[in-house]
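Good morning, and thank you for coming.

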Amino acid sequence: MESFVGEIAAYARQHKPSFLVVMQNAEELLSSQHLRNALDGVAKEDLLFGVAGEGRENSAADVEASLGFLKMARNDGLPVLVIEYIRDNESMAKARRLIEGEGFVPYFGPRLLNSLEREH
């Protein structure tokens with residue numbers, strides 16, 4: 001997979017230098033320096049909420065595992081975008097503090113992502 005992404009990135013940038021490659025989820029792949037070198041950014045859905053159901057907090061173990069990989073990307077200077085599908089203000093505030101505290105960029109939206117909603 002990392003070779004495939006690297007080849008796509010190289011080909012696309014050869015034809016359009018401003019082409020961006022942003023990986024979504026599958027953060028375990030970020031353990032590969034080769035893959036991280038091919039990326040321009042990383043997006044992660046459901047980092048803190050939603051693995052066990054809509055609006056439910058993820059286990060500490062799941063969050064820590066994902067954070068370990070996402071921090072590799074951040075430490076390489078890649079922007080990390082985190083998408084959470086939560087609606088209540090208390091959960092959003094908690095999530096925003098953690099996400100921004102890690103130097104990541106939060107977005108709170110509808111799961112279908114069929115519209116851009118205003119953040120609360």
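Asp46 is buried, its relative accessible area being 14%. Please bear in mind throughout that we are looking at a predicted model.

Which residue forms a salt bridge with Asp46? The partner is Arg111, and the closest N and O atoms are 3.0 Å apart. Asp46 sits in the loop between β2 and α3, while Arg111 belongs to the segment after β4, so this pair ties together parts that are 65 residues apart in sequence. A network of salt bridges links Asp46, Glu54 and Arg111.

The side chain of Arg13 meets that of Asp40 in a salt bridge, at 2.4 Å from N to O. This pair links distant parts of the chain: Arg13 is in helix α1, residues 2-15, and Asp40 is in the loop between α2 and β2, 27 residues apart. Both residues fall in the intermediate class of accessibility. Arg13 is partly exposed at 24%, and Asp40 is partly exposed at 26%.

Then there is the salt bridge between the side chains of Glu27 and Lys44, at 3.2 Å from N to O. Glu27 is in the loop between β1 and α2 and Lys44 is in strand β2, so parts that are 17 residues apart in sequence are tied together. Are these residues buried or exposed? Glu27 counts as buried at 5% relative accessibility, and Lys44 likewise counts as buried, at 10%.

The loop that carries Glu27 also holds Ser32. Ser32 is buried, because its relative accessibility of 9% is under the 20% limit. Its side chain makes a polar contact of 3.1 Å with the side chain of Glu2.

Let me turn to the sheet. It is an open sheet of four strands with parallel pairing, in the order β1-β2-β3-β4. β1 and β4 stand at the edges with a single partner strand each, so one side of each has no neighbour in the sheet. On average, neighbouring strands are turned by 20° against each other, direction ignored. Between β1 and β2, residues 41-45, the parallel pairing runs over three bridges. Met23 stands opposite Val42 of β2.

Which helices lie against these strands? Helix α3, residues 60-75, lies across β2 and β3 and runs at about 160° to β2. Helix α4, residues 89-101, packs on the sheet and touches β3 and β4, its direction making about 155° with that of β4.

After α3 comes Gly77, whose phi is positive, near 85°.

Definitions and conventions:
Residues are numbered from 1 along each chain as its sequence is written. This is a predicted model: local features need pLDDT of at least 70, side-chain atom pairs count only at pLDDT 80 or more; totals for chains, interfaces and linings use all residues. Side-chain values use heavy atoms; hydrogens and water are left out. Helices (H or I, at least four residues) and strands (E, at least two) are DSSP runs, numbered from the N terminus. Buried means under 20% relative accessible area, exposed over 50%, partly exposed in between (1.4 Å probe, protein chains only). A polar contact is a pair of N or O atoms within 3.5 Å; within protein, one must be able to donate a hydrogen and the other to accept it, and residues adjacent in sequence count only if both atoms are side-chain atoms. Two strands pair if DSSP finds at least two bridges between them. Axes are lines fitted to C-alpha atoms, for helices over the stretch in contact, and angles run from 0 to 180 degrees between N-to-C directions. Contact means heavy atoms within 4.5 Å. A salt bridge is a side-chain nitrogen of Lys or Arg within 4 Å of a carboxyl oxygen of Asp or Glu.
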